[in-house]
Amino acid sequence: MTELRTLKVALLGCGNVGAQVARILLDDADMLASRAGARLELAGIAVRNLDAPREVELPRGLFTTDAETLVKDADLVIELMGGIEPARTLILTAMRNGACVVTGNKALVAKDGPTLHEEADKAGVQLSYEAAVAGAIPILRPIRDSLSGDRITRVLGIVNGTTNFILDQMDSTGAQFADALAEAQRLGYAEADPTADVEGYDAASKAAILASLSFHTRFSLDDVYCEGISSVTAADIAAAKDAGFVIKLLAIAEKLTAEGTKTGTETGADGNIGVSVRVHPTLLPREHPLAAVRGAFNAVFIEAENAGELMFYGQGAGGKPTASAVMGDLISAARSIVLGGPGRAETTTGQVSALPIAAAVTSYYIGLDVADQPGVLAKIARLFADHGVSIEIMRQTIHRDADSNIESAELRIVTHRASEAALAATVEAVKGLDVINSVTSVLRVEGV
Ligand code: NAP
């Protein structure tokens, strides 16, 4: 048998994910060599604190605090430190020195992807980050490679396990947001400072990455409209449930014409086509495949012109699951070195623009507290029609206050697809009607 060459691997970070990657590199060395066509030698592990306890027992001699020297002498660099700096500088240094880079750093890729890709192209090395979106789920490679002969029209993703756990708790137990969050923190699904998860920022980074790959255009975090789940109430969840929906925090990327029609056309001759990239709480019919994604699991639902509907499901976080995605990227990068060149990376030939949230087109659920008088329904229906928003479902429930004996009615409306701008104008006008006591909720709906 011919002797395999050896590739030096530098690992930056030895936390939840890094420790598992180090374990796999050491324990499965023979298997990895046969899959990669080269031996992958763990040359060193850069950390902040040499004495910090590690989840995995590893040779002490591998550890260093000098990350810069480590990356300069590596064929492959795995960045699992997180944060923007020094991760960004170390990745750029590694690529300038000819190393392929694997990272799980969604914040960095979403913020500064163009610079990283430019440097990778210039250096002729592979840059991959499968672990950055939806942990263990193979989603970026299928979009980039398997679907490269198709046109993706829409991506809907549950890409943050913390918020999915919280919304699922609220849905299954009737809990308020604060109690569900406390439970998530108790079980280790949410951090002490949950802002990045519950305000949707983590999902927004992933939405930017998914949109970039799906629509062959580089989108950054600034292109993503973002609303978190902290204002979703138990009443919203109950009303949605009653109407046959479940509320999920979705990362959505879809291509629209200026008129708001979903389309698979790559670029419009008139340049009118853009991509709506957004993260917000969304109502989904309970029979939609994404509605069945429970607890802290992740899933990404893709619609493509020829493939039709696809769904990818699995663990979106955790040391071992995320390490699996990192190892897949590492083997692919090692193979590219063995075969001599990075091959064709992702393309940016789409050049479509990101649309403002006002241009987003979706269905809406609107809850109204109205006076129980004759003619109210007709008045409201006319007002919706005047604003070009057509109603798909309208349901009324009558309540009688036991003390005052006054009757009021609760109206639940689900609209057909309409633009955010048209819906916002409709809701403003509805508020002005004398028969309206209050607008109790306005939520976006997908999958109807
Ligand atoms: P973590 O547990 O916080 O570990 C970070 C590691 O990086 C630690 O070992 C730390 O060293 C080291 N580090 C941090 N700053 C450093 C610096 N300036 N110089 C040298 N070493 C430094 O992080 P993690 O959960 O493994 O996540 C790593 C990356 O994967 C992040 O980008 C994250 O977003 C991404 N990711 C994580 C998951 C997940 O489930 N955890 C899922 C998907 C993606 P010390 O140990 O000495 O402090």
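Strand E4 (residues 76–79), helix H4 (residues 87–96) and strand E5 (residues 100–103) form a right-handed β-α-β unit in this predicted model. Right-handed means that, with the strands pointing away from the viewer, the path from the first strand over the helix to the second runs clockwise. Helices (H or I, at least four residues) and strands (E, at least two) are DSSP runs, numbered from the N terminus.

Now look at E5 itself. E4 runs parallel to E5, joined by four bridges, and E6 pairs with E5 in the parallel sense over two bridges; pairing needs at least two DSSP bridges between the strands.

Which way do the E5 side chains point? Cys100 and Val102 point one way, Val101 and Thr103 the other, and all are buried (under 20% relative accessible area, 1.4 Å probe, protein chains only). In a regular strand the side chains alternate between the two faces of the sheet.

| Residue | Polar atom | Distance |
|---|---|---|
| Val17 | backbone | 2.9 Å |
| Arg48 | backbone | 3.0 Å |
| Arg54 | side chain | 2.6 Å |

The protein covers 78% of the 910 Å² of accessible area that the ligand has on its own (Shrake-Rupley method, 1.4 Å probe).

Residues are numbered from 1 along each chain as its sequence is written. In this predicted model, local features need pLDDT of at least 70 and side-chain atom pairs count only at pLDDT 80 or more, while totals for chains, interfaces and linings use all residues, and side-chain values use heavy atoms, leaving out hydrogens and water.

Conventions
Buried < 20%, exposed > 50% of the residue type's maximum accessible area, 1.4 Å probe, protein only. Polar contact = N/O pair within 3.5 Å; in protein donor to acceptor, adjacent residues only side chain to side chain.
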